[in-house]
Amino acid sequence: AAPRPPITSHVLDTTKGGPASGMSVALSFRGEVIAADKTNFDGQSTQLLDVSHKLERGEYSLAFDAKEYFERTGQAVFLSEVSVTFQVENVDEHYHIPLLLSPFGYSMYRGS
């Protein structure tokens, strides 16, 4: 398998039934923003960190700019931001955080 960044994400718009492209995503470590990206045409955020980036143990957070995305796509705005905070214990593992999003709710899980 090709090397991949240690933290990636994927956002699917469950109202449209497809990827949430062009959504801003910010990655924080211990409360400080360390990277930012926009989801690609397929709703994936794969450029937050370089493949050579070494994770540290601790608390990370992904902040998804839902408001800008919903405004741009002409959907109702209830959620302004979705924040997912998670713990990295094993720094050698890959952390993939998919987000299933609609204007009034969301769900996330740890992917592979």
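Are Phe 29 and Tyr 60 buried or exposed? In this predicted model, both Phe 29 and Tyr 60 are buried. The points below set out their ring pair, a second pair and the hairpin.

**Aromatic pairs**
- Five aromatic pairs are counted in the model.
- One of them joins Phe 29 and Tyr 60, with 4.5 Å from centre to centre and 40° between the planes, and it is tilted.
- This pair links distant parts of the chain, since Phe 29 belongs to strand S3 and Tyr 60 to strand S6 (residues 58-64), 31 residues apart.
- The ring centres of Phe 78 and Phe 104 are 5.9 Å apart and the planes are at 35°, so this pair is tilted.
- Phe 78 sits in the loop between helix H1 (66-72) and strand S7 (82-88), while Phe 104 sits in the loop between strand S8 (95-102) and strand S9 (105-108), so the pair ties together parts 26 residues apart in sequence.
- Phe 78 and Phe 104 are both exposed.

**Ring cluster**
- Phe 29 and Tyr 60 also belong to a cluster with Phe 86 and Tyr 95, linked by ring pairs.

**Hairpin of S3 and S4**
- Strands S3 (residues 24-29) and S4 (residues 32-38) run antiparallel and are joined by six bridges.
- Ala 26 has Ala 36 in S4 as its bridge partner.
- Two residues lie between the strands of this hairpin, where Arg 30 takes a positive phi near 50°.

Technical notes
Residues are numbered from 1 along each chain as its sequence is written. This is a predicted model: local features need pLDDT of at least 70, side-chain atom pairs count only at pLDDT 80 or more; totals for chains, interfaces and linings use all residues. Side-chain values use heavy atoms; hydrogens and water are left out. Two strands pair if DSSP finds at least two bridges between them. Helices (H or I, at least four residues) and strands (E, at least two) are DSSP runs, numbered from the N terminus. Rings of Phe, Tyr and Trp (its six-membered ring) pair if their centres lie within 6.5 Å; planes under 30 degrees apart count as stacked, over 60 as edge-to-face and the rest as tilted. Buried means under 20% relative accessible area, exposed over 50%, partly exposed in between (1.4 Å probe, protein chains only).
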